[in-house]
Amino acid sequence: MKTAIITGITGQDGAYLAELLLKKNYKVIGITRNNHVSNLEKLAYLGIGDKVKMVECDMMDMSSVINIINTFRPDEVYNLAAQSSVGLSFNQPIGTIQYNIISVLNLLEALRLIKNDTRFYQASSSEMYGTVKSLPVTTDTPMHPLSPYAISKASAYWTVVNYRESYGLYACNGVLFNHESFLRSESFFVKKVVGEAVKNRNNPDWILKVGNIDVKRDFGYSPKYVEAMWLMLQQDHPKDFMICSGKSYLLRDLIDHVFKQLNIPAEKLIVSQELYRPTDILDIYGDNSSAMSALGWNYDYNFYDVLDILISEELKANEKINKG
Ligand code: NAP
């Protein structure tokens with residue numbers, strides 16, 4: 001039985017990855033900064049709350065990280081913990097940059113010193129590329145990060161490459177584009193739109209207030225993207241991969257689809273300049289051909305179909321709450 005450590009297990013991807021690894025008969029150790037009932041909700045939703053071993057660890061503290069690696073001697077480490085919001089990173093630039101870089105360095109150092117045959121996955125982000133001169137984005141596209149979050153992820157990315165090249169660690173970056181699910185945190189665009197629309201579809205006083213929706217993004221489905229994370233750690237040699245749908249969708253069109261599915265009139269949508277970001281990317285989509293051919297990863301979801309899955313899951317959850 002293999003042992004995997006997942007940091008950020010209480011988040012969206014952590015929960016789906018834990019579910020996948022449990023199905024593959026792994027022993028799953030989940031790292032959390034603070035073990036409390038409410039942040040176990042995503043694991044509970046998938047019915048796996050009691051199947052993973054939760055351990056508290058401050059990933060900024062090197063000795064705590066060493067202790068975790070030494071105790072569990074993992075075969076694989078999936079590093080998903082991060083301050084993951086671009087918007088929040090403009091309000092908390094120092095905290096975001098410190099955490100998202102130092103936690104990665106602590107993990108890689110601990111592996112280098114204690115168990116250098118552990119396979120390491122780093123949750124990198126398409127946000128690192130920011131303004132790009134040509135599309136689709138590939139791993140050869142030059143990086144031009146546009147937010148403190150993107151800067152932190154770019155630095156972590158190069159740290160992983162450096163530990164692979166300098167010390168021969170099996171360490172790789174999964175460069176993931178936006179991916180969504182029912183378990184996405186409320187503050188993210190798609191979850192916010194679907195969640196609020198379902199909850200308030202019959203509320204005459206409700207309006208949906210959004211920022212710039214005339215931008216396009218490459219959106220995918222989280223339960224499928226975690227399969228690529230696992231595949232990346234099962235290869236003969238470590239390599240970085242783009243994980244994306246390969247298509248971009250206009251945010252305005254996504255809202256339009258959700259409103260139509262729920263019979264919500266278009267006037268309920270208000271675009272507010274106050275919610276615009278200081279810098280934003282107009283259009284971005286990636287090239288997933290390498291992940292498909294080298295990893296054998298398969299992704300053929302249209303994001304409008306994913307939206308329908310999310311709407312249906314949200315309606316069910318809402319009905320449950322209303323029934324008490
Ligand atoms: P998420 O739902 O926001 O989960 C983030 C996880 O990190 C949570 O377990 C959270 O713990 C933990 N965390 C956040 N800030 C922390 C801090 N300062 N100290 C310790 N732990 C902290 O994120 P996700 O969507 O699952 O994404 C997983 C990873 O992929 C992240 O690194 C994210 O940046 C990256 N990524 C995500 C996307 C996407 O579209 N979802 C795209 C590209 C890359 P708590 O429960 O305690 O808050």
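How much area do domain 1 and domain 2 bury between them, and what share of it lies on carbon and sulfur atoms? In this predicted model, the two domains bury about 2100 Å² between them, and 65% of that area is on carbon and sulfur atoms. Within the part that domain 1 buries against domain 2, Tyr-45, Phe-219 and Tyr-221 supply 35%, which is more than any other three residues.

Domain 1 is made of residues 3-179 together with 219-243, while domain 2 brings together 182-218, 247-284 and 302-323. The centres of the two domains, taken over C-alpha atoms, are separated by 27 Å, and 25 residues of domain 1 are in contact with 25 residues of domain 2.

On the side of domain 1 that touches domain 2, the elements giving two or more residues are the helices α1 (12-23), α2 (41-45) and α4 (86-91), along with the strand β10 (220-221). The residues of this side divide into 14 nonpolar, nine polar and two charged.

The model also holds a ligand, which is surrounded by 24 residues, the closest being Thr-10, Arg-33, Ala-82, Ser-84 and Tyr-149. In the side chain of Thr-10, an N or O atom is 2.5 Å from an oxygen atom of the ligand. The backbone takes part as well: a polar backbone atom of Leu-80 is 2.8 Å from a ligand oxygen, and a polar backbone atom of Gly-11 is 3.2 Å from a ligand oxygen.

Technical notes:
Residues numbered from 1 in each chain as written. Predicted model: local features only at pLDDT ≥ 70, side-chain atom pairs only at ≥ 80, totals over all residues. Heavy atoms only, no water. Domains from an automatic or database assignment. Contact = heavy atoms within 4.5 Å. Buried area = accessible area lost by both parts, 1.4 Å probe. Helix = DSSP H or I, 4+ residues; strand = E, 2+ residues; numbered from the N terminus. Nonpolar A, V, L, I, M, F, W, Y, C, P; charged D, E, K, R; others polar. Near = heavy atom within 4 Å. Polar contact = N/O pair within 3.5 Å; in protein donor to acceptor, adjacent residues only side chain to side chain.
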